Amino acid sequence: MRGIRVAVIGGGQNCEHDVSVASAASVRAALDPARYEAVPLTIGRDGRWSGPDGQVLGTLNSRSLAGALDVLATCDVVLPLIHGPLGEDGTLAGLCELAGVPYVGSPLRAGALAMDKWATKLVAEAVGVRTARGRLVADASTVDFTGPVVVKPVAAGSSFGVRLVEHEADLEPAVRQALELDDRVLVEEVLEGREIDIAVLDDPDEGRRTGPPLEIAVPGLFDTTVKYDGSATFVIPAPLADTELKALEDAALRVYEALGCRGLARVDFFLTNDGLVLNEVNTMPGMTAESQVPKMFAAAGLPYSELLDKLVRGAMR
């Protein structure tokens with residue numbers, strides 16, 4: 001009896017390409033070979049797909065996509081690990097829907113909403129979850145300096161393009177840099193507080209649940225460099241009062257459900273003296289064994305390979 005064929009898609013056409021490649025490689029290695037046959041597919045930076053043998057499928061993007069669809073047609077389920085635009089933003093979910101193949105993770109609408117940090121703020125505020133005050137801008141020359149701010153692209157992940165701006169002279173260059181990754185940029189107030197992440201899992205055995213809270217301990221901005229140079233400390237479970245934990249879990253679930261997420265997401269907060277503030281939602285967070293979400297569930301007694309098993313089984317129900 002053959003194993004369940006799982007198409008594991010990595011790579012992508014955005015600044016998170018290498019992060020996604022690492023997630024996909026880690027997942028392929030961790031899937032239980034007694035149950036699953038991992039079928040690797042990679043999207044190159046140029047948009048062309050590579051098949052299980054590593055060879056590019058077709059000489060043109062359209063032919064390459066057609067070749068990828070032929071591979072997907074032989075698979076039972078898709079595990080799309082493209083972080084960021086043209087992947088996590090609902091693009092791959094839409095492709096799987098059109099191809100009629102079950103897939104892990106959020107549907108198109110939820111992926112698109114959660115990838116758009118401005119839209120996420122509007123949804124969160126509508127269900128009573130506070131977000132940082134901010135402005136949406138599309139032109140670096142129109143931004144006024146009102147004090148220390150954080151500049152970030154509206155739709156990018158892994159903190160690419162995110163900068164803390166403390167001086168007026170640095171604001172316009174920071175916005176210009178962020179506009180290289182997106183055509184819209186958020187300029188937000190700087191929040192003082194603890195960074196706490198809550199993971200939400202649609203567990204096929206136990207129902208929707210959250211993992212232990214994770215606190216990110218860094219002496220400054222949790223930017224791209226700190227995320228991947230090993231200097232950040234993750235505290236699991238984060239030391240929280242019962243009332244704080246309940247408020248964070250309730251808010252995470254409220255936002256997850258309002259966005260229409262499915263499968264798995266990481267909901268990031270600041271815990272300030274005035275209460276919790278939503279930072280962002282990741283519908284396909286980093287998924288190596290050392291990434292935040294797998295470490296959170298491992299701390300709850302759910303090993304990495306078993307977490308992947310739950311995600312695949314949940315998608316196939």
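**A walk through the loops, a helix and a cavity**

Let's start at Leu 181, which touches Cys 15, Pro 153, Phe 160 and Gly 161, leaving out residues up to four places away in sequence. Before I go on, please keep in mind that what you see is a predicted model. Leu 181 sits in the loop that runs between α6 (171-179) and β8 (185-189). Its relative accessible area is 37%, so Leu 181 counts as partly exposed.

Which residues is Asn 14 in contact with, leaving aside its neighbours within four places in sequence? They are Ile 82, His 83, Gly 84 and Pro 85. Asn 14 itself lies in the loop between β1 (4-11) and α1. It is a buried residue, because its relative accessibility is 13%, and the cut-off for buried is under 20%. For a sense of scale, pick out Asp 139 as well: it is 125 residues from Asn 14 along the chain, and the two C-alpha atoms are separated by 21 Å.

Now look at Leu 86. This residue has a positive phi of about 60°, although it is not a glycine. You will find Leu 86 in the loop between β4 (77-80) and α3 (91-99). Is Leu 86 buried or partly exposed? With a relative accessibility of 40%, Leu 86 counts as partly exposed.

Let's move on to the helix α1. It has 14 residues and reaches 20 Å from its first C-alpha to its last, close to the 20 Å expected at 1.5 Å a residue. Its buried residues are His 17, Val 19, Ser 20, Ser 23, Ala 24, Ser 26, Val 27 and Ala 30. Here is a rule to hold beside that list. An α-helix has 3.6 residues a turn, so residues three or four places apart point the same way. Have a look along the helix with Ser 20, Ser 23 and Val 27 in mind, which are among the buried ones.

Stepping off the end of α1, we reach Leu 31, in the loop between α1 (17-30) and β2 (36-43). Leu 31 counts as buried because its relative accessibility is 5%. What does Leu 31 touch, not counting residues up to four places away in sequence? The list is Val 6, Val 8, Tyr 36, Ala 38, Leu 308 and Val 312. To see how far the model stretches from here, find Phe 145: it is 114 residues from Leu 31 in sequence and 49 Å away in space, C-alpha to C-alpha.

Next comes the loop between β12 (233-235) and α8 (242-259), where Ala 238 is found. As for Ala 238, its relative accessible area is 7%, so it is buried. Leaving aside neighbours within four places in sequence, Ala 238 is in contact with Arg 194, Ile 196, Pro 213, Leu 214 and Glu 215. Take Arg 194 from that list: Ala 238 and Arg 194 are 44 residues apart in sequence and 9.8 Å apart in space, C-alpha to C-alpha.

A quick word on cysteines. How many disulfides does a search of the whole structure find? It finds zero. Take Cys 75: its sulfur is 10.0 Å from the closest cysteine sulfur, in Cys 96, which is too far for a bond. Cys 75 counts as buried, because its relative accessibility is 9%.

The largest cavity holds about 110 Å³ of space. It is lined by 13 residues, and those closest to its centre are Pro 80, Gly 87, Glu 88, Ser 106 and Met 284. By class, that lining has six nonpolar, six polar and one charged residues.

How values were computed: Residues numbered from 1 in each chain as written. Predicted model: local features only at pLDDT ≥ 70, side-chain atom pairs only at ≥ 80, totals over all residues. Heavy atoms only, no water. Helix = DSSP H or I, 4+ residues; strand = E, 2+ residues; numbered from the N terminus. Buried < 20%, exposed > 50% of the residue type's maximum accessible area, 1.4 Å probe, protein only. Contact = heavy atoms within 4.5 Å. 1 Å grid on protein atoms, 1.4 Å probe; cavity = no way out; pocket = protein on both sides within 12 Å on 5 of 7 lines; lining within 4 Å. Points joined across faces, edges and corners; volume = space filled by probe spheres on them. Nonpolar A, V, L, I, M, F, W, Y, C, P; charged D, E, K, R; others polar. Expected span 1.5 Å × (residues − 1). Disulfide = S-S within 2.5 Å.
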